[in-house]
Amino acid sequence: QTPFGLNLDSTANYTGYFNFNLEQLKDGDEITYNITARDSSVAQNTKKIPFKEKFYFKVEKIFDPVERYWNDFNQLNNDFVISDFDIYTETSFEDPALHSPHPYLSPEEVSSNWNYSTILKHPIILLESATMTFDEVVLVEPGEFQTNFGDDEFWDYVVVEGSKDDGKTWLPLADGYDSGDNSTWKNNYNLNIDGNNSQTEGTKEWFVNREIDLLQSKNFVVGDTILIQFRLFSDPFANGWGWAIDNLRIQIPVSSPLTILSPGNIQVYPN
């Protein structure tokens with residue numbers, strides 16, 4: 001691409017826009033680039049960053065909207081924006097799932113926070129039966145006693161959010177929560193604390209099924225088409241193992257009768 005200039009928009013910030021022919025881009029492409037600074041002296045001294053390598057970002061296609069979605073994460077696909085989260089088989093788990101970083105980190109600086117997120121690339125058309133279910137393990141810092149989502153001392157949390165303006169703004173589909181939401185998670189999170197941080201690692205035995213009514217927050221209504229984001233919020237200091245998500249179902253009704261396909265570990269799901 002022909003180089004383009006950056007415009008000074010404040011005392012220290014320069015901005016510019018890549019002008020792509022979208023027909024030439026496809027899902028998964030990587031855009032690489034360098035930034036060159038040139039001074040106004042006669043010598044026109046220049047510096048390029050990075051000096052030897054390149055910055056890059058990945059092209060992510062948002063697919064056509066669907067009414068229903070299901071993913072057990074056992075087959076490789078490009079249904080999620082993968083940057084902070086990843087899909088793989090973690091130690092002490094039997095098969096692939098959607099994982100936050102393990103452990104997730106904290107900024108270790110007062111008044112700072114980090115967000116880890118992943119976005120489902122299939123927009124969902126909300127129906128009257130707008131229910132999402134998934135299995136999860138949540139080992140994130142519990143809030144103080146009797147605090148609620150949104151309170152300053154709720155500390156770290158995970159939350160499922162929706163957007164109907166292509167990701168410009170996100171609103172919770174339900175209140176965020178932490179390890180205090182389940183006694184097994186909380187007890188094990190607190191079982192192995194080193195300094196401020198929990199050293200406990202997640203295991204498949206701690207999976208719990210969660211059901212979310214996608215309309216309960218009143219932020220969205222039947223007929224809305226929304227993107228869905230899973231986000232882990234990390235405040236300045238304490239942290240833990242993180243979040244694992246499996247067997248995601250969106251607006252898929254429970255089927256019956258149940259047919260047992262093979263002997264072994266039988267899961268009745270959802271329940």
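1. Ring pairs join Phe 4, Phe 18, Phe 20, Tyr 33, Phe 55 and Phe 57 into a cluster. Rings of Phe, Tyr and Trp (its six-membered ring) pair if their centres lie within 6.5 Å; planes under 30 degrees apart count as stacked, over 60 as edge-to-face and the rest as tilted. The structure holds 18 aromatic pairs.

2. The model is predicted: local features need pLDDT of at least 70, side-chain atom pairs count only at pLDDT 80 or more, and totals for chains, interfaces and linings use all residues. Residues are numbered from 1 along each chain as its sequence is written, and side-chain values use heavy atoms, with hydrogens and water left out.

3. One of the aromatic pairs is formed by Tyr 157 and Phe 233; the ring centres are 4.8 Å apart and the planes meet at 15°, so this pair is stacked. Tyr 157 belongs to strand β12 and Phe 233 to strand β17 (residues 225–234), so the pair links distant parts of the chain, 76 residues apart. Strands (E, at least two residues) are DSSP runs, numbered from the N terminus. Both Tyr 157 and Phe 233 are buried; buried means under 20% relative accessible area, exposed over 50%, and partly exposed in between (1.4 Å probe, protein chains only).

4. Phe 230 and Trp 243 have ring centres 5.9 Å apart and planes at 65°, so they form an edge-to-face pair. Phe 230 lies in strand β17 and Trp 243 in strand β18 (residues 242–250), so parts 13 residues apart in sequence are tied together. Phe 230 counts as buried because its relative accessibility is 0%, and Trp 243 is likewise buried at 0%.

5. Most peptide bonds are trans, and most residues other than glycine have a negative phi. A cis peptide bond, however, joins Ile 49 and Pro 50, with omega about -20°; Pro 50 is in the loop between β5 (46–49) and β6 (55–58). Another cis peptide bond joins His 102 and Pro 103, with omega about -10°, and Pro 103 is placed in the loop between β9 (97–99) and β10 (114–125).

6. Glu 108, which is not a glycine, has a positive phi of about 55°. Glu 108 also lies in the loop between β9 and β10, and counts as partly exposed because its relative accessibility is 46%.

7. Gln 146 has a positive phi near 65° and is found in the loop between β11 and β12. Its relative accessibility is 66%, so Gln 146 counts as exposed. Asp 152 lies in the loop between β11 (131–139) and β12 (157–163); at 73% relative accessibility, Asp 152 is exposed.

Technical notes: Helices (H or I, at least four residues) and strands (E, at least two) are DSSP runs, numbered from the N terminus.
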